[in-house]
Amino acid sequence: MKSVYVLNGPNLSRLGTREPDVYGAESFADLSALCRDAGRELGLSVDVRQTDDEAEMLGWLHEAADGRIPVVLNPAAFTHYSYALRDAVAQRTAPLVEVHISNPAAREEFRHTSVVASVATGTIAGFGLRSYVLALRAIADSLAE
């Protein structure tokens, strides 16, 4: 079974309590279970991680690049300003799909720019937690090609 990392940035551990009108009522545990279940159905071994620490996220992206491990990445607030994260994503050696639960383009102006989108394989946004399932499917399809 091919390993895939699902990496989540700041505040995503607070799903279910953080702005449920924007991010929904499901918890981070619900998201993790959804990703693992979807991965299993797609023949993927999914490792779900979350951090509020940019340095830790960079380390995980380097680990993925070194191991040729595909990534589903929700950079959260790092999306809009972290050039260090952008440079780590640019080193990818396997598919990397940027995901967002909400649609950043339909929100505040500062959320409209993603510094990682140009170096990701693709971006999926606005489908709630289903964005992750769609990203895992995209990765499974790209690995099958």
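Biologist: Which helices each supply at least two residues of the lining of the largest cavity?

Modeller: α3 (54-67) and α4 (83-90) do. Helices here are DSSP runs of H or I, at least four residues, and strands are E runs of at least two, numbered from the N terminus. α3 gives the most, with three residues. This is a predicted model: local features need pLDDT of at least 70, side-chain atom pairs count only at pLDDT 80 or more, and totals for chains, interfaces and linings use all residues. Residues are numbered from 1 along each chain as its sequence is written, and side-chain values use heavy atoms, without hydrogens and water.

Biologist: What makes a set of points a cavity?

Modeller: On a 1 Å grid over the protein atoms alone, a 1.4 Å probe fits there but cannot get out; lining residues have an atom within 4 Å of a point. The whole structure has one cavity of 30 Å³ or more.

Biologist: Why is S102 called buried?

Modeller: Buried means under 20% relative accessible area (1.4 Å probe, protein chains only). S102 has 12%, so S102 is buried. S102 lies in the loop between β4 (96-100) and β5 (122-125).

Biologist: Why is R111 called buried?

Modeller: R111 has a relative accessible area of 16%, so R111 is buried too. R111 is also in the loop between β4 and β5.

Biologist: Which residues does UniProt list for "binding site"?

Modeller: The unreviewed entry lists N74, H80, D87, I101, S102 and R111. They are spread in space, up to 24.0 Å between C-alpha atoms. Such annotations may be inferred rather than shown by experiment.

Terms used
Buried means under 20% relative accessible area, exposed over 50%, partly exposed in between (1.4 Å probe, protein chains only). On a 1 Å grid over the protein atoms alone, a cavity is a set of points where a 1.4 Å probe fits but cannot get out, and a pocket is an open set with protein on both sides within 12 Å along at least five of seven lines; lining residues have an atom within 4 Å of a point. Grid points are joined across faces, edges and corners, and a volume is the space filled by probe spheres set on the points.
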